[in-house]
Amino acid sequence: MSLISLNDNLNCSLTTPRVEEVFKEMSRAGFVLAGVVLFLATVTFFIYVDEVLFLRKIMQLPSNRKTRYYFLLGLYPVFSWTSVLGLFVPRASILAQLVAICYLAICVYQFFELIIDYFGGKRKLFDTIGDQGIPIKSVPVGCFLFCFADTAKLTRKNFLRMKKLVLQMALLHPLLMFIAAVLSANGSYKPGKVTLDSAYLYISSLAGISTALAVWGLVMLYRIAKEPLANYHITAKFFSTQVVLILSNVQGMIFILLAGNNVIKCVAPLVTETRGIELHHLLLVFEMFIVSVVARGFYRQISDLPRCLLVQQVSDNDTSCDDELSDREALD
C-alpha cells in the first residue's frame, strides 16, 4: 500500500515530488499507514534506548564491548528512521541511504572486532583457533574459487587479509554513496537505469562487489569462531546483522530494478524509480522492528554476561561477582 493515493489517470511527474506534494496527495489509508510506520520506528528507537540503559548499568562489562554493542544495536533504529525520512521526504532519499549505508559499513567492521573481543584479543584468538583452517570457499565469493584449496592456514597474514576485506567496505561504501549523492543532485544518477552510460550501473556494481568481499571476510572468521563462541550466541548476533545487510542491499536493488523496468507501476505524483524506493523504505521499517526485537533478546542473554551482574542491586561487600568474573576470565 502506497502512502500516495492511487490514480492511474494522472501522468507521472518527471521530477521527484516535494514533501508537501506527498502529504497533499496522501489518502486516508496512507495517513493510517504513515501513523503505523511512525509508531514502529519510535518503538524501535525506544528498544535501543532500553538496551543502552541496560548495558550502562553493567559496570564490569568492558567499555570497548559496550561501545560495539551500542553500534550494532543502533543499526535497527538508524535504518528505521532513515527509511521514514526517505518515505516522507522523497528528495532526501539518497541522503537517507547515504547515512544508513555508512552506518551499516561501520557496523560490519564492529562485528568483526566484536568476535576478536570475545576471544580476549588477537593473541588469545590465535591460541584458541590457531590450529583451524580458514574456510576459503565460504559464501558469497568462495563459491567461485574453484582452483583454490578448501581451507588455508590461519596465520597473522591471512587474518589481516580477512580484516582488510571487511575494512574496505567501511571505507569504500561511504565514498560511493557520496558520489551517488553528488551525481543525483546533478541529475546524473537515476536508480534503476541500467545502461552503459548510467552512473547507477557502475556505482551499484562496485558497491555489490565491495559488500560481497566484506561478507566473505566476515563469514570466514565467523565459521571458525562460532563453536568456541557458542556461549555468546554468536550465531544469532551474526545473522541479526547479516539480515540488515541483505535487506538493505538485495531487497533495495530488487525493488529499484522492478521499478526501473515498469514492473512496479508509476503512481502519481511519484516517478517509477521513487515508487520502488518508497516500497523498499516502507518494508524496512517493519523489518527493522522485528529484527530489533529478536536481537534484543540475544544481546541480553545471561550466558553473555555474568549472572550476578544482571541483578539490579548488588552489595558493595559482596565478592561473589568478582569471583564469577575471575572464573570467566580464566575460561576465556
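Me: At roughly what angle do the axes of helix H2 and helix H3 cross?

Reply: This is a predicted model, in which local features need pLDDT of at least 70, side-chain atom pairs count only at pLDDT 80 or more, and totals for chains, interfaces and linings use all residues. Residues are numbered from 1 along each chain as its sequence is written, and side-chain values use heavy atoms, with hydrogens and water left out. Helices are DSSP runs (H or I, at least four residues) numbered from the N terminus, and axes are lines fitted to C-alpha atoms over the stretch in contact, with angles from 0 to 180 degrees between N-to-C directions. Here the axes of H2 (residues 28-56) and H3 (residues 63-73) cross at roughly 175° and come within 10 Å, which makes H2 roughly antiparallel to H3 (an angle over 145 degrees).

Me: Which residues of H2 and H3 make the contact?

Reply: Contact means heavy atoms within 4.5 Å; H2 contributes Tyr48, Glu51, Val52, Leu55 and Arg56, and H3 contributes Lys66, Tyr69, Tyr70 and Leu73.

Me: How do the axes of H4 and H5 cross?

Reply: The axes of H4 (residues 75-88) and H5 (residues 93-119) come within 8 Å and cross at roughly 170°, and therefore these helices are roughly antiparallel to each other. Among the residues in this contact are Phe79 of H4 and Tyr103 of H5.

Me: Is histidine 280 buried or exposed?

Reply: Buried means under 20% relative accessible area, computed with a 1.4 Å probe on protein chains only; histidine 280, in helix H10 (residues 272-299), is buried at 7%. Leaving aside neighbours within four places in sequence, histidine 280 is in contact with Leu247, Ser248, Gln251, Gly252 and Phe255.

Technical notes:
Helix = DSSP H or I, 4+ residues; strand = E, 2+ residues; numbered from the N terminus. Parallel < 35°, antiparallel > 145°, perpendicular 65-115°, else oblique. Buried < 20%, exposed > 50% of the residue type's maximum accessible area, 1.4 Å probe, protein only.
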